[in-house]
Amino acid sequence: MLRAVRLPCRAQNITAPCRVRRITSTPTAGPANSFPKEPTAHGVLPSSQSPILSTLKFFNSVTGDGTQIPTYRVLDSVGQPLEGATVPEEIGEAMARRMYESMVQLPIIDNLMYNVQRQGKLAFYMTHYGEEATLIGSAAALANDDEVLGQYRELGVLMWRGFTLADMMNSSFGNCEDPCSRGKQMPMHFGSRKHHFHMISSPLATQIPQAAGVAFALRRDPSRRGKNCAVVYFGEGAASEGDFHAGMLFASTIPSPTLFIARNNGFAISTPANEQYYGDGIAARGPGYGMHTIRVDGNDVLAVYNAVKEARRLCIDEGRGVLVEAMTYRVGHHSTSDDSFAYRPRQEVEDRKRLDNPLARFRLFLEARGWWSAEEDDALRARLKDEVLKAFKKAEALPKPELREMFEQVYGGEEPWTLREQREELGRLLKKYGDVWEPWKTELKKHKGAGKELMDTKP
Amino acid sequence: MSTRAALSRFAPAITRARRAPAFAARRAAFVRGYASQSEHTLTVRDALNAALEEEMLRDEKVFIIGEEVARYNGAYKVTKGLMDKFGEKRVVDTPITEMGFAGLATGAAFAGLRPVCEFMTFNFAMQAIDQIVNSAAKTLYMSGGFLTCPIVFRGPNGAAAGVAAQHSQDYAAWYGSIPGLKVVSPWSAEDCKGLLKAAIRDPNPVVFLENEMLYGVSFPMSQEAMSDDFVLPIGKAKIELEGSDVTIVAHSLMVARSLEAAEELAKEGIKAEVINLRSIRPLDIETIKNSVKKTNRLCIVEGSFPAFGVGSEICAQIVESEAFDYLDAPVERITGADVPTPYAINLEARAFPDAPLITKVAKRALYRTN
């Protein structure tokens with residue numbers, strides 16, 4: 001019986017799905033696969049231009065001389081440009097002030113939201129302390145319609161594009177005005193089509209190969225080809241996931257304008273970077289995928305700006321992946337589910353905050369140019385605190401989304417019967433108990449519409 | 001459950017040769033088919049290929065991505081000729097990284113394209129299952145509707161022949177349990193063409209489970225099914241054979257075996273109703289319920305492990321519904337043995353249901369045997 005079915009397949013010479021890799025690889029463009037034009041003194045390899053040597057030589061560095069990959073920096077620790085460094089011309093007083101204000105806003109939001117979470121009003125929050133320069137420097141260097149795929153600590157990028165405090169608060173509380181997910185995704189997992197910011201996904205690094213796919217689609221679109229790139233943010237911990245390697249591989253082998261920004265903040269929750277990798281950080285991996293790569297001081301907003309701007313240009317001009325590794329330090333805990341003083345000394349964090357503070361460095365730069373003053377700083381902080389608190393209070397008071405939201409957007413197009421059935425069942429139960437059973441009565445009041453839209457649907 | 005598995009092992013697997021008149025028109029000994037010569041016939045492979053070509057012609061946004069899909073025409077030649085017709089931009093060969101091309105395809109779908117992502121087998125899609133389940137299936141909901149993911153994940157699923165446990169698993173139940181995914185498990189060439197076209201046009205991620213052993217099998221194609229506009233609805237089962245005595249529900253390859261069993265049963269005057277599920281999610285439970293109300297007996301056949309399977313789900317839904325009152329016998333699940341699929345050919349044959357086993361169990365549901 002089975003034989004009779006099996007034979008035709010075999011007869012037609014169909015390959016069994018076993019992983020027998022063919023030895024000859026498909027030739028594609030690129031130096032690794034180009035055939036050498038002329039034989040060298042010691043001969044040639046069939047599919048590589050690798051020169052042939054007669055001496056035994058191992059290597060373990062991408063710099064050639066065994067040193068670590070250098071870090072690009074523009075401002076020193078007191079905000080003075082390094083000798084030979086280029087201060088970007090387009091960052092004049094107005095732009096610089098806007099960048100600084102955006103950086104200052106983040107810890108003010110963090111302070112409030114962290115405490116609010118601790119009071120039990122939010123399920124979850126993640127602070128940005130220490131990474132303000134990486135976020136705002138990169139956001140400012142991108143076009144606002146470049147497609148961003150974040151990891152979860154990129155609120156600064158989204159707000160740079162016009163996502164408001166009200167949006168941020170409504171999303172965090174998952175209330176009826178939540179612009180990101182209509183109450184269906186947890187705090188800090190933002191997304192906004194208007195701002196070209198894809199939905200944050202909790203499983204780590206899935207956004208990395210997806211970014212290569214978004215960039216693939218950009219390259220296919222005549223109105224965006226050569227104009228936009230896909231930008232993907234991830235931590236040095238996420239770069240240990242297979243998805244990171246898959247994303248890098250695909251952006252280089254199926255070339256697409258994908259800009260990889262690694263936020264190397266020193267910790268993946270509790271795991272320090274030196275336990276995350278044994279090689280020279282994330283940057284060392286770029287050349288392994290044939291990718292232009294730079295390491296930049298992530299606490300220097302101007303260096304991040306310059307590096308990302310040039311990386312973006314290369315990425316779009318060549319239509320290929322480019323890797324930026326921003327070296328920063330996560331001053332805050334990983335998230336509200338974490339207490340980092342269990343695995344690092346408080347003093348270390350205090351020292352980092354004092355000695356290498358991205359806000360202080362940029363503020364000193366602004367003050368040296370006469371673009372900022374202590375009075376303005378105090379006024380800014382007071383204003384932002386007030387705005388953040390007002391947005392918070394407003395969002396907290398808004399009701400939760402309508403109950404029907406629970407069953408919506410599971411599928412696009414025609415709704416399968418399972419959803420209709422569940423909604424109708426809930427409607428029946430609400431009709432029966434919603435007005436008489438105290439726990440439900442109380443719960444229903446928290447929802448916009450108090451569940452009436454479900455009770456009114458006819459089965 | 002274990003009884004089924006044990007029965008399966010003892011079932012005489014390779015003993016039958018006689019053919020009923022309905023299938024007399026099967027052509028050569030080695031070309032197993034369901035086609036009569038007067039009609040259009042198409043193999044499952046060609047039907048899938050036609051569906052892909054038609055949809056790529058219809059919509060610029062459709063593209064195919066996977067290992068060896070372009071120059072090599074696909075491991076099973078389903079994408080044969082498509083690279084020549086549409087070029088490398090729309091039929092994309094990739095490095096061997098399932099999570100990579102599934103992730104790239106998912107991202108491309110988020111960005112508005114309509115990828116058809118081919119896995120060499122769904123067994124290998126396990127390395128990409130996070131992209132399918134956590135990203136493709138859930139993002140529409142989690143984004144409040146702003147990020148759609150119109151994508152098809154397709155490839156052979158379930159046991160093939162002689163390739164052991166890591167190439168032989170049926171994932172219908174795995175994907176079938178995920179809200180946000182649609183899951184299709186076609187049997188005939190008509191199913192494959194109509195459902196693949198529907199899957200490509202669907203605004204949701206669709207997992208399209210093919211079967212290696214059916215690729216070379218020919219089926220009749222109606223004039224309608226040969227048309228470019230032929231699309232079958234996802235979520236609707238098909239009654240392949242009407243009957244009044246016992247309902248046999250199956251999907252994919254097991255539809256063929258159930259029809260063979262129905263032939264055997266017919267010789268004893270038993271009229272079996274054979275339902276080809278076509279879709280796993282949404283599940284067309286209405287069609288099964290209506291059939292059970294008519295026949296009062298239900299057997300569910302699948303080429304999968306018994307536990308937590310499609311059969312278990314159908315059984316549960318039936319006994320929870322008003323159809324329970326119509327049952328005159330316990331629901332029977334006929335499944336693969338509850339062991340990783342063995343390689344040795346005789347062991348493998350006995351690990352999956354065949355027509356004699358289905359016949360025997362159907363008769364037991366009718367209290368005609370034990």
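Modeller: Gladly, and a definition comes first: helices (H or I, at least four residues) and strands (E, at least two) are DSSP runs, numbered from the N terminus. This is a predicted model, in which local features need pLDDT of at least 70 and side-chain atom pairs count only at pLDDT 80 or more, while totals for chains, interfaces and linings use all residues. Residues are numbered from 1 along each chain as its sequence is written, chains are lettered from A and ligands numbered from 1 in the order in which they are written, and side-chain values use heavy atoms, with hydrogens and water left out.

Biologist: Thanks! In which helix of chain A is the place of Tyr433(A)?

Modeller: Tyr433(A) has a relative accessible area of 35%. Buried means under 20% relative accessible area, exposed over 50%, and partly exposed in between (1.4 Å probe, protein chains only), so Tyr433(A) is partly exposed. Its place is in a helix that spans residues 417-433 of chain A, namely H13.

Biologist: How many disulfides does the structure hold over all chains?

Modeller: A disulfide is a pair of cysteine sulfur atoms within 2.5 Å. By that rule the number over all chains is zero. For Cys176(A), which is in no disulfide, the nearest cysteine sulfur is that of Cys180(A), and the distance is 14 Å.

Biologist: Is Cys180(A) buried or exposed?

Modeller: Cys180(A) is also in no disulfide, its nearest cysteine sulfur being that of Cys176(A). Cys176(A) counts as partly exposed at 21% relative accessibility. Cys180(A) has 1% relative accessibility, so it counts as buried.

Biologist: How many salt bridges are there over all chains?

Modeller: Side chains of opposite charge can pair when their charged atoms come close. A salt bridge is a side-chain nitrogen of Lys or Arg within 4 Å of a carboxyl oxygen of Asp or Glu. Over all chains, the count by this rule is 60.

Biologist: Which residue forms a salt bridge with Arg363(A)?

Modeller: The closest N and O atoms of this pair are 2.8 Å apart. Both residues lie in helix H11 (residues 358-368) of chain A, four residues apart, about one turn of the helix. Arg363(A) is partly exposed at 23%, and its partner is Glu367(A).

Biologist: How many residues apart are Arg278(B) and Glu190(B)?

Modeller: Arg278(B) and Glu190(B) form a salt bridge with the closest N and O atoms 3.2 Å apart. The pair links distant parts of the chain, with Arg278(B) in the loop between strand E11 (272-276) and E12 of chain B and Glu190(B) in helix H8 (residues 189-201), a separation of 88 residues.

Biologist: Which residues are linked with Asp356(A) in a network of salt bridges?

Modeller: One bridge joins the side chains of Asp356(A) and Arg352(A), at 3.8 Å from N to O. Asp356(A) is buried at 18%, whereas Arg352(A) is partly exposed at 33%. The residues linked with Asp356(A) in the network are Arg73(A), Asp297(A), Asp300(A), Arg352(A) and Arg361(A).

Biologist: Which residue is joined to Arg281(B) by a cis peptide bond?

Modeller: Most residues other than glycine have a negative phi, and most peptide bonds are trans. Here omega is about 0°.

Biologist: What is the phi of Asn73(B), roughly?

Modeller: Asn73(B) lies in the loop between strand E2 (62-66) and helix H3 (82-86) of chain B. Although Asn73(B) is not a glycine, its phi is positive, at about 70°.
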